[in-house]
Amino acid sequence: MTEQPSKNYELDLDNYMTLKILDECFGNIFVVDPSSKVIFANNNCVTAFGVPRDQIIGHTTQDLVDSGILTRSTSQECLDKKDTIIGTVKSQLGIEMLNISRPIYDENGKLSFIMTYGQTSDKMGEFLNVIEEEKKKTQNYKDALMRINNMESNGKEVVIACEKMRKLFSQLERVAPTDGTIMLYGESGVGKDVIANYIHKASLRKDEPFIPVNCAAIPSELMESEFFGYEKGAFTGARVTGKAGLFELASKGTLFLDEIGELPPETQAKFLRAIETGMVTRIGGHKQIKTDVRIIAATNRNLMNMIREKTFREDLYFRLNVLSYHIPPLRERTEEIDAFVETFLQRYNKKYGKSLTLSKQTMANLRAYKWYGNVRELKNVIERMVLTSDEEFAQLELNEIPQPSQVRQVSETDTMIGSSVTKKSIEERYREAEREKVIEVLLSVNGNKSKAAQLLGISRGKLYKLLREE
């Protein structure tokens, strides 16, 4: 067993070892006595001053200034003021140093010597750059965590209760551990975000950031700054510290690009370059920043049609469409409705302090309904039932579900890709139905928009947008 030294032990260092340690220190060490005479200068001082050690030790600091070896003596200023002095000094070689000189007193309070520690400005610049980079990394992680925390992470249940979804997740389990780019196709509300999050959690990047972003929600004029970031002063209103873009924030992790079909054509080329090279350049900057991002994209649009219409780049499509999967709508996996209902009912009963249960007829009605808004619509209906029911046992008739009355019945053979029904007609009619639903809920709460938005499970901004649409 190794004997532990006492608290009062003394280092057994001879003069040679002490001087060797001081000589090899990282920085300039310069010591003067109370009469301003130099009593020690390490090798770094000799190199920076540009003279042999014997032309430094034994001379006063004023001698060094008078002979032009140094432009200034912070040691002398420290002696004069009996206080710590910080300042820059240049040597005859033009080397600039940042010095810190402070007085050292003995146990009786008498001045023993002035200790100066210095470092060349180029080394200090390196230190500051490293510190700044570490600060940026910290801020990037904070921003990433904020985005992650802003996700409805508690509401991202994965429900697998039908053969179609079992096959889909079996395929996803095989590719999730890879870094392959994945494209998810499916109608709005089918749970593309849930599946993207599932892929990330099953990947080797699971401990790194998962950054979800809805491309349709970012104004086109802000698209570039959001994804690629900007340097300080890049434009009016920019943060004085600059801002990391989403590609930087997601580095080492996964960037989920929802509604990728909404990317404006002018941004698509920069996206392609960032994905292919892994390099991004902030707005107002010239430095290329290396990123390591796995891309998962999703869309409810037919990208091949968009390519033919020249609204989506073919090369970006092939870069994203490496591994593609279609998520079937809820009306094609009705076996999962019971599981989703149970999941949402438990969540919202807990959230709102209720104990609502559903009758057999209500469950039959929920299974029979054509969920044009898919899982998202089902979730909203269950939340609305929990919020508005005064009873513990709920009866729900089909005509009580806000119906998209102007949407024609979509047959089960109609899918988003390759459907004979045009995307435009479905989307326009569904928006009209959503607007009718908003108006109905508004009437039920006497026009209270905040409460209506809560009941519908949407933001107030989304509510106002739906009301504006004709």
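Strands (E, at least two residues) and helices (H or I, at least four) are DSSP runs, numbered from the N terminus. Two strands pair if DSSP finds at least two bridges between them. This is a predicted model: local features need pLDDT of at least 70, side-chain atom pairs count only at pLDDT 80 or more, and totals for chains, interfaces and linings use all residues. Residues are numbered from 1 along each chain as its sequence is written, and side-chain values use heavy atoms, with hydrogens and water left out.

**View 1. The hairpin of β4 and β5.** Strand β5 covers residues 111-120 and runs antiparallel to β4, with nine bridges joining them. N99 has G118 in β5 as its bridge partner. Five residues lie between the strands, and G109 takes a positive phi near 85 degrees.

**View 2. The hairpin of β3 and β4.** Strands β3 (residues 85-90) and β4 (residues 96-105) are antiparallel and share six bridges. Opposite T88 stands L98 in β4. This hairpin also has five residues between its strands; G94 takes a positive phi near 85 degrees.

**View 3. The largest nonpolar core.** A nonpolar core is a set of buried Ala, Val, Leu, Ile, Met, Phe, Trp, Tyr and Cys residues joined through side-chain atoms within 4.5 Å. Buried means under 20% relative accessible area (1.4 Å probe, protein chains only). The largest core has 34 residues; F227, F247 and I260 are among those with the most contacts inside it. Helix α10 (residues 265-277) gives the most to this core, four residues.

**View 4. Around I260.** Contact means heavy atoms within 4.5 Å. Not counting residues up to four places away in sequence, I260 touches several residues, including M183, C215, F312 and L320. C215 counts as buried because its relative accessibility is 1%.

Key: Buried means under 20% relative accessible area, exposed over 50%, partly exposed in between (1.4 Å probe, protein chains only).
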